[in-house]
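Colleague: I would be grateful for a close look at one helix pair in this model. Please describe the pair itself and then place it in its surroundings.

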Amino acid sequence: MPHERALEAPARPPLPPGGCAPHLPSVPRAVLFDVDGTLVDSVDLHARAWQEAFAHFGKRVPYREIRAQIGKGGDQLLPVFLDEEERERMGEWIESFRADLFQREYLRHARPFAHARDLVRRVKQMGLRAGLASSAQREELEHHLDLLGVRALVDAATTADDVDRSKPFPDVFAACAAKLGVDPRDAVAVGDSPFDAIGARRAGARAVGLLAGGFPRDALVFAGCEAIYADAEDLLRRFDGSPLAPGEARAGV
Ligand SMILES: [Mg+2]
């Protein structure tokens, strides 16, 4: 669908690097964290589950092509690899098979990134609200809340049940901000994929990228990230100069 393609590969970044959002807060009120690839090391696990699910239904897809799409929900990922007839015939079966397979075989191998919990705690210590902006299945998110030990720190979280359209649409970030009771323009999103940055910017939020999920720096900058960090630990270490902190100095790019 042309519209979806336009979301995946915008002709130009929503705003030029160094540009300012029309409503630029000096002090953000909330941080919207992506989970997979940002707080939890799970991108490769998701890619393997998708590849295995496609193969189970006779569809061979190269691993690297699937991996480059992780960060989208199934609603946005399936159209990349299946035509309309295939989606009608087996799209729901593949997604259901994948969800079950992931929870059965892969979820237990997911690990928190170093200092992921400390980063969320720092956000709370700074007086910001903390949200998890995810379109994962409810069971996966519950697992990750315990895995990360952030259940008491997180003020709101979204799952696939909260939105009809996953990233790169803005719905996940808009829903998460609404649950937090903040204007998305007063929030900073932290994610590992270009789909996070595109969705966040379309929702009106600012975007910070982490390289931990394996996406190229250029792709994150092009998608609208105003600062890039290696991982949660790096962002925590340089928190005071980051867009998450009061008086941010844009030190991450
Ligand atoms: Mg991610």
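**A helix pair and its setting**

Modeller: Helix α8 (residues 171-180) and helix α9 (residues 194-203) have axes that come within 7 Å and cross at roughly 55°. Axes here are lines fitted to C-alpha atoms, for helices over the stretch in contact, and angles run from 0 to 180 degrees between N-to-C directions. Helices (H or I, at least four residues) and strands (E, at least two) are DSSP runs, numbered from the N terminus. The model is a predicted one, in which local features need pLDDT of at least 70 and side-chain atom pairs count only at pLDDT 80 or more, while totals for chains, interfaces and linings use all residues. Residues are numbered from 1 along each chain as its sequence is written.

α8 and α9 are therefore oblique to each other; angles under 35 degrees count as roughly parallel, over 145 as roughly antiparallel, 65 to 115 as roughly perpendicular and the rest as oblique. Their crossing is right-handed, a crossing being left-handed if the near helix is turned anticlockwise from the far one by less than a right angle, and right-handed if clockwise. On the α8 side, Val 172, Phe 173, Ala 174 and Ala 177 meet Gly 199, Ala 200 and Ala 203 of α9. Contact requires that the C-beta atoms of two residues, placed from the backbone, lie within 7 Å. By class, the contact of α8 with α9 has 6 nonpolar residues, 1 polar and no charged ones. In this scheme Ala, Val, Leu, Ile, Met, Phe, Trp, Tyr, Cys and Pro count as nonpolar, Asp, Glu, Lys and Arg as charged, and the others, Gly among them, as polar.

α9 is largely enclosed by the rest of the structure, because 10 of its 10 residues are buried. A residue is buried if 20 or more other C-beta atoms lie within 10 Å of its own, exposed if 12 or fewer, and partly exposed in between, with C-beta atoms placed from the backbone. The buried residues of α9 include Asp 196, Arg 201 and Arg 202, along with Phe 195 and Ile 198. Just after α9, Gly 204 takes a positive phi of about 105°.

Strand β7 covers residues 206-210 and runs parallel to β8, to which 3 bridges join it. Leu 210 has Tyr 229 in β8 as its bridge partner. Both strands belong to an open sheet of 6 strands, in the order β5-β4-β1-β6-β7-β8, with parallel pairing. At the edges stand β5 (156-158) and β8 (227-229), each with a single partner strand, so one side of each is left without a neighbour in the sheet. From one strand to the next, the twist averages 20°. Two strands pair if DSSP finds at least two bridges between them.

The axes of α2 and helix α5 (residues 84-106) come within 9 Å and cross at roughly 130°. α2 and α5 are therefore oblique to each other, and their crossing is right-handed. The contact of α2 with α5 has 10 nonpolar, 2 polar and 3 charged residues.

Of its 253 residues, 48% are buried. Among contacts in the chain between residues at least 6 apart in sequence, 64% join residues at least 24 apart.
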